[in-house]
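Hello,

Here is the structure I promised to pass on. Please open it next to this email and follow along.

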Amino acid sequence: MHIFARQMITILNRNTDTLMKRLLLTLFALVTVFTVQAEDYTYLTFETSGGSKVSVPIASLTISISGETLTAGSETFILSDLTRMYFSTNDETTGITTLTADDLNEATAIYDLQGKIIPKEQMQKGVYIVKTKNGTFKLTSK
C-alpha cells in the first residue's frame with residue numbers, strides 16, 4: 001500500500017507540473033496578444049456624461065484615483081461624470097469650452113482635487129472641478 005501511495009503522489013506531481021506549464025504558457029500567449037494589440041493605440045480617450053471627450057497620450061501615462069477623482073496624465077475627471085474610457089488611434093479631444101459666470105452660479109457641485117465637495121463661498125486659490133448642467137469644467141482660481 002505504501003508503494004502504491006508513493007506512485008500516485010509521483011503521478012499527481014507530474015500532472016500538476018504539466019498543468020502548471022500549460023497554464024503559464026497560455027497566460028504568456030494571452031499577455032503577448034494583448035500587448036501587441038495595445039501597441040496599435042496611441043491614446044486613452046475618456047468620455048463624460050456631457051458628451052465631451054478628452055484623449056490622453058498613452059506614452060508614459062500614469063493614472064491615479066483619489067477620492068472621487070481620476071487623474072490621467074495632466075487631466076482630472078470626476079469618476080461619477082465618466083461614461084466611457086477606451087483606447088483610440090487618434091486624438092478625439094473635443095473643443096475647449098469656457099465656464100461662464102452663469103455656469104458657476106448654477107454649479108451642481110464643486111470638487112477640490114482630493115474629491116471633496118467644496119461650497120462656492122469657500123473656494124480659495126487652487127484648481128477645482130465644477131459640475132454644471134452644461135458639463136464639467138476644470139477651474140483654476142487665482
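Strand β1 (residues 43–48) pairs with strand β2 (residues 53–57). The sense is antiparallel, over five bridges. Strands here are DSSP runs of E with at least two residues, numbered from the N terminus. Two strands pair if DSSP finds at least two bridges between them.

A note on the model: it is predicted, so local features need pLDDT of at least 70 and side-chain atom pairs pLDDT 80 or more, while totals for chains, interfaces and linings use all residues. Residues are numbered from 1 along each chain as its sequence is written, and side-chain values use heavy atoms, without hydrogens and water.

Next, the cores. A nonpolar core is a set of buried Ala, Val, Leu, Ile, Met, Phe, Trp, Tyr and Cys residues joined through side-chain atoms within 4.5 Å. Buried means under 20% relative accessible area (1.4 Å probe, protein chains only). The largest core has seven residues: Leu-44, Phe-46, Val-54, Val-56, Leu-70, Ala-72 and Phe-77. A second, separate core has six residues, including Ile-110, Ile-118, Tyr-128 and Leu-139.

Last, look at Thr-132 in strand β8 (residues 126–132). Thr-132 is buried, at 8% relative accessible area. Beyond four places in sequence, Thr-132 touches Leu-99, Asp-103, Ala-107, Thr-108 and Phe-137. Contact means heavy atoms within 4.5 Å.

Best wishes

Definitions and conventions: Helices (H or I, at least four residues) and strands (E, at least two) are DSSP runs, numbered from the N terminus. Buried means under 20% relative accessible area, exposed over 50%, partly exposed in between (1.4 Å probe, protein chains only).
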